[in-house]
Amino acid sequence: MSQIHRIRALADGWLGPRSIAPSKDAIDKFSAIHREIDLLPNAKSLAPTGVGGLLLEWVDAEKEFTAELEPHGVLFMSIDDGDDSDEIALPFDADTLKRFVVSGRWDA
Amino acid sequence: MPELTDDLVPEVADEIVPEVIMDLTEVLLRQVHPIHYPNGVLSSGAFRPGPEHNLMLSTHRNRIGAAESYRRWTEELGYESVGTWGVTVGEADELDLPALADEVLPEVPDDHASVNFAVCETDSQVKRKAKELRKHAVNRTQIYSPGGDAA
């Protein structure tokens, strides 16, 4: 059973009384780029947040990358090289998410 | 101006305030939902405070042990866990996150402690500090696994 399927199977309350399961729409947005996610280095995790978001993290070339779809449709992205952290929060855009996962850049 | 009577004075004297844990070496015990450990990679989501806890990351005091922490979380509270990880009070303190012995509060279980993320000014800080706690927990390795293969 893939991680996407496990996340789809969650119900509200999965992490405590007020925790929220990610919406079908949010899961579909990450499911649409599952091939790109599969190509990321092995040190990666896709996991839900307790407030109904989805959090993708991976490490590449000693940098930590984060792409998070927050519950209200904001796409949060960050790059952390241990000394400095760069981050941005934008309205969700499928192309931006895919670009960030593929290239580690949110700029077009 | 109204006269100051007893019913206008806040009852601060009766307020229970949890103490900050001062032993920086104490390892606080954190249970991790299986979905936060896909393919053996620990998500920083496991170290973010849950929505029911007002930015308090729920942990157990070290004195009960990692196996008992797992047992209470899964058997007594009925939640899922893949095992116990730990961060020290000092590691949280370095991130300006105080650890509180909040078992003294009403409806808080015995031997409970919380890492207080309410001091963070932004969601971004919460996310970054959760990632730092995750790093410490990973470096320490899993303390207890119900399968018995943890450190």
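This is a predicted model: local features need pLDDT of at least 70, side-chain atom pairs count only at pLDDT 80 or more; totals for chains, interfaces and linings use all residues.
Which side chains meet in a salt bridge at 3.9 Å, N to O? They are the side chains of R134(B) and E64(A), and since R134(B) lies in helix 3 of chain B while E64(A) lies in strand 3 of chain A, the pair joins two chains.

**The contact between chain A and chain B**

- Chain A brings 31 residues to the contact, and chain B brings 18 residues.
- About 2,100 Å² is buried between chain A and chain B, and 54% of that area is on carbon and sulfur atoms. On the side of chain A, the residues that lose the most area to chain B are L15(A), R18(A) and E64(A), which together account for 25% of what that side buries.
- Between chain A and chain B there are 9 residue pairs in polar contact, counting pairs with both residues at pLDDT 80 or more. The side of chain A that touches chain B receives two or more residues from each of helix 1 (3–8), strand 1 (44–48), strand 2, strand 3, strand 4 and strand 5 of chain A.
- Of these elements, strand 1 of chain A gives the most to the side that touches chain B, with 5 residues. By kind, the residues on that side of chain A divide into 12 nonpolar, 11 polar and 8 charged.

**Salt bridges between the chains**

- Side chains of opposite charge can pair when their charged atoms come close. Across the interface of chain A and chain B, 8 salt bridges are found.

**Salt bridges within a chain**

- Over all chains, the structure holds 22 salt bridges.
- In chain A, K98(A) and E36(A) are joined through their side chains by a salt bridge at 3.7 Å, N to O. Because K98(A) lies in helix 4 of chain A and E36(A) in helix 3 of chain A, the pair ties together parts that are 62 residues apart in sequence.
- In chain B, a network of salt bridges links R63(B), E68(B), R71(B), R72(B), E75(B), E76(B), E103(B) and D111(B).

**Helix 4 of chain A**

- Helix 4 of chain A covers residues 94–103, and its buried residues are T96(A), L97(A), F100(A) and V101(A). Seen down the helix axis, these buried residues fall within an arc of 130°, so they line one face of the helix.
- An α-helix has 3.6 residues a turn, so residues three or four places apart point the same way.
- The face of helix 4 turned away from its buried side carries the exposed residues D95(A) and V102(A).
- The cover over the buried residues of helix 4 includes helix 2 (24–31), helix 3 (34–38), strand 2 (54–60), strand 3 (63–69), strand 4 (74–80) and strand 5 (85–91) of chain A.
- At the start of helix 4, a side-chain oxygen of D93(A) reaches to within 3.3 Å of the backbone nitrogen of D95(A), while the residue that follows the helix is G104(A), whose phi is positive, near 75°.

**Helix 2 of chain A**

- Helix 2 of chain A has A26(A), I27(A) and F30(A) as its buried residues. Viewed down the axis of helix 2, these residues fall within an arc of 95°, so they line one face of the helix.
- Helix 1, helix 3, strand 1, strand 2, strand 3 and helix 4 of chain A are the elements against which the buried residues of helix 2 pack.

Terms used
Residues are numbered from 1 along each chain as its sequence is written. Chains are lettered from A and ligands numbered from 1 in the order in which they are written. Side-chain values use heavy atoms; hydrogens and water are left out. Buried means under 20% relative accessible area, exposed over 50%, partly exposed in between (1.4 Å probe, protein chains only). Helices (H or I, at least four residues) and strands (E, at least two) are DSSP runs, numbered from the N terminus. The arc is that of the directions from the helix axis to the C-beta atoms. Contact means heavy atoms within 4.5 Å. A polar contact is a pair of N or O atoms within 3.5 Å; within protein, one must be able to donate a hydrogen and the other to accept it, and residues adjacent in sequence count only if both atoms are side-chain atoms. Buried area is the accessible area (1.4 Å probe) that two parts lose on being put together, summed over both. A salt bridge is a side-chain nitrogen of Lys or Arg within 4 Å of a carboxyl oxygen of Asp or Glu. Ala, Val, Leu, Ile, Met, Phe, Trp, Tyr, Cys and Pro count as nonpolar, Asp, Glu, Lys and Arg as charged, and the others, Gly among them, as polar.
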